[in-house]
Amino acid sequence: MEVVVLILKIYIVLVVLIMSGYTLRHMRFTLSRVRGEQRIFYQDILDDDLPTLAVLIPMHNEEKVARHVLERLLKVEYPQDRLEIIPINDHSDDKTEEILNEYAEKYPSRVLPLHRKEGKRGKPAALNDGMAKATGEVVLVFDADYLPPRGILRDMAVSFKDPEVGAVMGRVVPENANHNFLTRLLDLERTGGYQIDQQARHNMKLVPQYGGTVGGFRRQLAIDMGGFDPNILTEDTELTYKLFLNGYKVVYANRAECYEEVPEEWPVRARQVQRWAHGHTQVMYRYFLPLLRSRLLSRWEKVDGLLLLTIYMVPIVLLLGILDSLALFFLGEMNIIDSILVFVYVAAYNSYGNFAPFYQIASGAFLDGAVERILLVPFLIFNFFFNLWYVANGFVAGTLDLVFKRGSSWAKTPRFRDREASV
Amino acid sequence: MLSLGNKKKKPEVVDISKQVIHPHRAYRKLVDVGRRGSFIELLILSVPLMAVMYFLFPYLTYLNCYNAIHLLTPSIPEEFIHLIRDDYLANTVYFMSIPGSYPTMTFSFITALISFLILVIIPNIKIVPKAVGLWVGYLAFVNFVSATFFFFVPNQFPYSIRIFSELYMKTEVSMWFIIPLLLAAALLPIPSRLGAKFGVIISIVLLDVVLGIVRYFVFLYVLHHYSFLFMALMFFAFGPLVDFLYAVVTYSLFMRNISAEIRKDIRQWKWSY
């Protein structure tokens, strides 16, 4: 029994060390973004020789939003002879196909729909087919619920003038933030994630993440690296690591803001988070060792890359930590108070919000000029328990994929937009 | 449409130029105070308060016990209430010991059953937001484990109120040190007077002390009158996590006020480049 208790105690200390590591990392990020020197992006470069672009919009049953994204893209400021818009109808059985054909008829040289009715459904497979059809040097991807503003394509495309850049990522801003309590919390999470986290990584030349939408990459490079694996549910995370392992960088464009629709219902959010965790876990198992061994990344890129790669493991580590401490409690071993361990235990609790800690989110909202929204920060504690459970589920699913060598299927995020978007 | 006979009106000129152009949120940042400046600010905000708390915590824990004794005396005979003094962090901490009560098997069984039902039902009720349902589920799970333990092996329960009391008080003292440090770090990036930041940290610690006193009495009362069964719930759900929540609530109020105050004050903001 003594050995069991010792193992349980060691695990608690390990949890605390992991949490403390993440807490310090996010504190460093917050200071870098709020007060530190900001790394200049490329949008001030003026160049007539912009790359040719293929804008891919994967769509599966997107009749509620398809028109909005297309209308916005038809109004963007980018040389028309260098732009192709390819909406990908991925096995839709609603009116998506009709809508895309309608736009193709109306704008035959600009909207070039791709209808996928065979093969595996899902974003990675759709993007592979889209890349094969496209001719542009650079692929920019938007999810169907996004509302790209006029200047965004140029802002992102110009970064590819730098030969080191393999992918670019813009900022995601919820357009339905005021809809309900959940959307407000998600808006706060996005603020912490983009305004602070991504920009700080860009500043510090670490590993900004290509997020799969409002972002882009070099088309031929992605094809040469094997395209997207249809079994990986987070093709964006995989591309990020593939690029870094091949000596390319991902850059973040904080000014390239694009509006999206965040889930308005908890079950939908649950499925989304679970899918992200599932896919991220698949990528973690595939790229953990190659990342460690790579000679193309700096030491800090590796550290940040590993912490990013294992971020979805943290909730299950914490969940096990809670069970561990419950076991210790009933074994009478919680009486560790005569030592420094009380500090350590309390510190673990204090790091509960490490997914995007409270100070990071509040600082991000502060930079955004938000006022009343900041008052919602304490309510993120509910989100923490929610994430804890569904991310842990996704992590287990990703692990089971590895153990049983099973495939995974794509779960689409339902849309809520029953109102007219301002197109 | 103007008729031909009308004198043409000179169009009114509207000045649409802005008095002040604020930096876009993507480019905003605050004045950099440098690593040394940040470190000094961190020390100024945290160390003096931590030092004061170090000298004060014996009195505060004594005050805590004094209040609990005062409130508990009507329901518990005085001879059963003990004030204990112990060493902690090379100083003295006070806590109490009172008799606790074990749950009956029936009480444990009913509590386990109710907790189990809550655990299964609440997270799956559609009208309850999933996040709230999971939080309630977590509370029910901890209570279910505890009730099951007391149903099967009540004699194996390793704690008395004395031990719980000691654990609670030493955890509280630890929080009084951690909160100033944590909040000082969290407030570092924010442009506000040092005095204001110091004030907010002091108020959080004071709030924690006052609410900690109330909590201590409630915990002892529940453990004495309603059994040890709820000890796990108190520790895991209403322990340090609640201290953390007080801190974040007060911090967000402060941040809200500062944001409202300076968001249009151009002098505070710097362009990224």
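These are my notebook entries on a two-chain predicted model, chain A first, then chain B and the contact between them.

**Conventions.** I number residues from 1 along each chain as its sequence is written, and chains are lettered from A and ligands numbered from 1 in the order in which they are written. Since the model is predicted, local features need pLDDT of at least 70 and side-chain atom pairs count only at pLDDT 80 or more, while totals for chains, interfaces and linings use all residues.

**Chain A, overall.** I looked up the secondary structure and found 14 helices and seven strands in chain A, where helices (H or I, at least four residues) and strands (E, at least two) are DSSP runs numbered from the N terminus. The radius of gyration of chain A is 22 Å, close to the 22 Å of the globule rule for 423 residues, so chain A is as compact as a globular protein of that length; the radius is taken over C-alpha atoms, and the rule is 2.2 Å times the number of residues to the power 0.38. I noted that 53% of the 423 residues of chain A count as buried (20 or more other C-beta atoms within 10 Å of the residue's own, with C-beta atoms placed from the backbone).

**Chain A, the sheet.** I traced an open sheet of seven strands with mixed pairing, in the order S3-S2-S1-S4-S6-S5-S7; two strands pair if DSSP finds at least two bridges between them. Strands S3 (114-116) and S7 (249-260) of chain A stand at the edges with a single partner strand each, so one side of each has no neighbour in the sheet. Within the sheet, S5 (residues 165-174) and S6 (residues 215-218) of chain A pair in the antiparallel sense over three bridges, and A:Met169 has A:Gly215 in S6(A) as its bridge partner. I also recorded that helix H6 (residues 181-203) of chain A lies across S5 and S7 of chain A, running at about 150° to S5(A).

**Chain A, a helix pair.** I checked H1 (residues 2-34) against H11 (residues 314-330) of chain A, and their axes come within 9 Å and cross at roughly 145°; axes are lines fitted to C-alpha atoms, for helices over the stretch in contact, and angles run from 0 to 180 degrees between N-to-C directions. Residues making this contact include A:Leu8, A:Ile12 and A:Tyr22 of H1(A) and A:Val317, A:Gly321 and A:Leu328 of H11(A), where contact requires C-beta atoms, placed from the backbone, within 7 Å. By class, the contact of H1(A) with H11(A) has 11 nonpolar, two polar and two charged residues; Ala, Val, Leu, Ile, Met, Phe, Trp, Tyr, Cys and Pro count as nonpolar, Asp, Glu, Lys and Arg as charged, and the others, Gly among them, as polar.

**Chain B, overall.** I found seven helices and four strands in chain B, following the pattern β-α-β-β-α-α-α-α-α-α-β along the sequence. Chain B has a radius of gyration of 28 Å, whereas a compact globule of 273 residues would have one near 19 Å, and its C-alpha trace spans about 100 × 50 × 35 Å along the principal axes. Buried residues make up 39% of the 273 residues in chain B.

**Between the chains.** I looked up the interface and found 52 residues of chain B in contact with 47 residues of chain A. On the chain B side, H7(B) gives the largest share, 12 residues, and the residues of that side divide into 36 nonpolar, seven polar and nine charged.

Key
Buried ≥ 20, exposed ≤ 12 C-beta atoms within 10 Å, placed from the backbone.
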